[in-house]
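Visitor: I would like to learn how to read the features of a model like this one. Please give the general idea, then the case at hand.

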Amino acid sequence: MSVGIFDKYAALKGNYDSLMTTSPRNPFGVVIERPLSATIGIIEGRETLLFGTNNYLGLSQSAAAQDAAIHTAKTMGVGTTGSRIANGTFGLHQKLEKALASVFRKKHAMIFSTGYQANLGTISALVNKDDILFLDADSHASIYDGARLSGAQVIRFRHNDPADLEKRVARTDKTTGARLIIAEGIYSMTGNIAPLKDFVEVKKRHNIPLMVDEAHSFGVLGDHGRGVAEMQGCEDDIDFIVGTFSKSLGTVGGYCVTDHDEIDLMRLCSRPYMFTASLPPEIIAATLAALKEVENRPDLRQKLQENAARLHQGFKSVGLNTSNFISPVIAVTLEDIPQAITFWNALLDAGVYVNLSLPPATPDNRPLLRCSVMAAHSATEIDQAVETFGTIAKELKLV
């Protein structure tokens with residue numbers, strides 16, 4: 001007897017059904033009916049504080065980006081209907097690539113239709129089945145999926161552990177294939193910041209290229225907002241930087257910047273780049289406008305850092321378990337799934353939206369209430385969120 005097409009998901013269905021019996025709402029199907037601003041949206045018919053949107057600089061509501069998108073949609077249409085290697089390259093795409101290369105002080109840039117595809121397309125273009133990838137154990141799903149698409153051998157090293165990376169790299173020094181190290185700037189689940197400068201030392205000793213995903217750190221860290229590599233003073237030693245437009249820039253899309261002149265070869269062997277329709281012109285225009293704001297408004301980064309410190313300190317003050325890193329991603333770690341579901345629902349009932357992250361998507365198989373803070377948040381909004389967290393934690397006897 002043949003099996004059903006969905007039989008393979010029996011265990012997942014059981015877990016999902018169990019979750020739905022314990023939660024009054026689907027935590028993976030929350031609808032923001034309408035954003036009123038960067039920090040407040042209508043959820044379930046009432047105003048709700050948004051602390052789970054990754055909109056770090058609040059630029060999804062940028063007036064300049066809105067105006068650029070509207071003007072471009074009216075003058076150039078709303079889509080390209082083709083991939084970059086067919087009819088999907090407009091002048092705006094090349095303009096954005098030049099702008100990104102300039103911002104990062106790199107020679108070249110290529111843009112993708114999503115940040116997810118930026119990792120898929122870059123990794124699969126750089127390595128293949130004869131090569132070796134060294135990945136931080138807590139790497140984002142898009143990095144692992146890019147590794148699968150590439151077919152390369154994957155060697156994981158302990159999270160944020162340069163010594164463990166060194167040990168594993170040294171064991172492969174006599175291999176014949178190419179090797180590539182991949183790390184992230186800020187890790188999206190916990191807000192942990194990578195020791196990129198130490199990873200660079202490993203890279204130099206073993207002559208291996210290093211790729212860094214700055215998705216959650218671009219626009220956020222560094223004197224000019226270029227991310228963790230800028231903050232730690234090791235930008236020139238990073239071979240490939242990838243990232244997304246859907247965080248600090250408030251739009252959608254992804255990129256890879258590099259000084260390697262072979263980038264045009266990457267365009268010809270990156271399947272996610274070759275076989276996906278290119279970004280529509282209004283999105284490119286909005287992204288260019290947002291990029292100018294990142295460059296010209298360092299006050300946004302300063303405010304973001306102040307807000308991140310305020311939220312982090314607030315959580316610590318009410319006894320919640322968070323990482324010691326202060327970044328725009330601040331996760332409260334809980335002990336079990338029922339506890340996390342109850343807490344998350346109580347937050348939303350009280351008018352605070354955050355992300356509920358459950359195992360196995362979390363680093364140590366403990367559930368997280370993942371918060372992302374914005375430059376646009378007021379001190380009052382942050383204090384209100386902290387007070388709500390603290391009240392619920394007391395009611396659940398967690399503190």
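Visitor: Where does P360 lie?

Guide: P360 sits in the loop between β13 (355–357) and β14 (368–372). Helices (H or I, at least four residues) and strands (E, at least two) are DSSP runs, numbered from the N terminus. This is a predicted model, in which local features need pLDDT of at least 70 and side-chain atom pairs count only at pLDDT 80 or more, while totals for chains, interfaces and linings use all residues. Residues are numbered from 1 along each chain as its sequence is written, and side-chain values use heavy atoms, with hydrogens and water left out.

Visitor: What kind of peptide bond joins P359 and P360?

Guide: Most residues other than glycine have a negative phi, and most peptide bonds are trans. The bond joining P359 and P360 is cis, with omega about 5°.

Visitor: Which phi values do N54 and N160 have?

Guide: N54 is not a glycine, but has a positive phi of about 60°. N160, also not a glycine, has a positive phi of about 55°. N54 belongs to the loop between β3 (46–50) and α2 (63–76), and N160 to the loop between β6 (153–157) and α6 (162–170).

Visitor: Is N54 buried or exposed, and what of N160?

Guide: Buried means under 20% relative accessible area, exposed over 50%, and partly exposed in between (1.4 Å probe, protein chains only). N54 has 16% relative accessibility, so it counts as buried. N160 has 17%, so N160 counts as buried too. S317, in helix α12 (residues 298–317), is exposed, with a relative accessible area of 53%.

Visitor: How is the protein chain divided into domains?

Guide: Domain bounds come from an automatic or database domain assignment. Here they give domain 1 (19–50 + 298–395) and domain 2 (63–296). The centres of the two domains, taken over C-alpha atoms, are separated by 27 Å. Contact means heavy atoms within 4.5 Å, and 16 residues of domain 1 are in contact with 21 residues of domain 2.

Visitor: Which residues touch the most other members of the largest nonpolar core?

Guide: A nonpolar core is a set of buried Ala, Val, Leu, Ile, Met, Phe, Trp, Tyr and Cys residues joined through side-chain atoms within 4.5 Å. The largest one has 86 residues, and L100, L369 and F389 touch the most other members. At least three of its residues come from each of domain 1 (19–50 + 298–395) and domain 2 (63–296). Another core, apart from this one, has 21 residues, including M110, F112, A118 and I182.

Visitor: Which residues is L100 in contact with?

Guide: Leaving aside neighbours within four places in sequence, L100 is in contact with A109, I111, F245, Y255, V257 and L291.

Visitor: How many helices and strands are in the protein chain, and what is its radius of gyration?

Guide: The protein chain has 14 helices and 14 strands. Its radius of gyration is 21 Å, close to the 21 Å that the globule rule gives for 399 residues, so the chain is as compact as a globular protein of that length. The radius is taken over C-alpha atoms, and the rule is 2.2 Å times the number of residues to the power 0.38. Of the 399 residues, 55% count as buried.
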